[in-house]
Amino acid sequence: MGFAKLDSRIVNSSLWSAPPSTRVLFVTMLAMADQTGFVSTSCSGLQRIANISSEDFAAGVSYLESPDNDSRTPDNDGRRIERVPGGWVVLNYCLYRDTTLSDSPGAVRNRRYRERHAGVTGVTRDACDEI
């Protein structure tokens, strides 16, 4: 099972000006991507999973594959996805996957709070590792 970070800055990106169906398509692709950003699916499969019309799917793919001059990430001319055999690659997937906020002041503060209050709830930080 894959896991993708959804950076809160996405709502400030030029992508957020796209139609809702395009945003749904992109978030669906993030959810489906493997650890390298590869989304293994057919067009019809992705359209079905994203639950959007064929017209919205075609427009969304075209938007995500096109250059974006307003993109904050100039890599790949602002393109977000690239069609490859067997599916697509989310182009900046690894950039965002490898971004860590664990040393930010807010993350440190939250971590300390959880550690101080772990005994109160009986749930420890390692509880998820035991599942």
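Which strands does helix α3 (residues 54–65) lie across? Helix α3 lies across β2 and β3, running at about 110° to β2. This is a predicted model, in which local features need pLDDT of at least 70, side-chain atom pairs count only at pLDDT 80 or more, and totals for chains, interfaces and linings use all residues. Residues are numbered from 1 along each chain as its sequence is written, and side-chain values use heavy atoms, with hydrogens and water left out.

**The sheet**
- Three strands form an open sheet in the order β1-β3-β2, with antiparallel pairing (strands pair if DSSP finds at least two bridges between them).
- β1 (38–40) and β2 (81–84) are the edge strands, each with a single partner, so one side of each has no neighbour in the sheet.
- On average, neighbouring strands here are turned by 25° against each other, direction ignored.
- Strands (E, at least two residues) and helices (H or I, at least four) are DSSP runs, numbered from the N terminus.

**Strand partners**
- β1 and β3 (residues 87–90) run antiparallel and are joined by three bridges.
- Val39 has Trp88 in β3 as its bridge partner.

**A helix on the sheet**
- Helix α1 (residues 20–32) packs on the sheet and touches β1, β2 and β3 (contact means heavy atoms within 4.5 Å).
- The direction of α1 makes about 90° with that of β3; angles run from 0 to 180 degrees between N-to-C directions, with axes fitted to C-alpha atoms, for helices over the stretch in contact.

**Thr73**
- Thr73 sits in the loop between α3 and β2.
- Thr73 counts as buried because its relative accessibility is 13% (buried is under 20% relative accessible area, exposed over 50%, partly exposed in between, with a 1.4 Å probe and protein chains only).
- Leaving aside residues up to four places away in sequence, Thr73 touches Gly78, Asn92, Leu95 and Tyr96.
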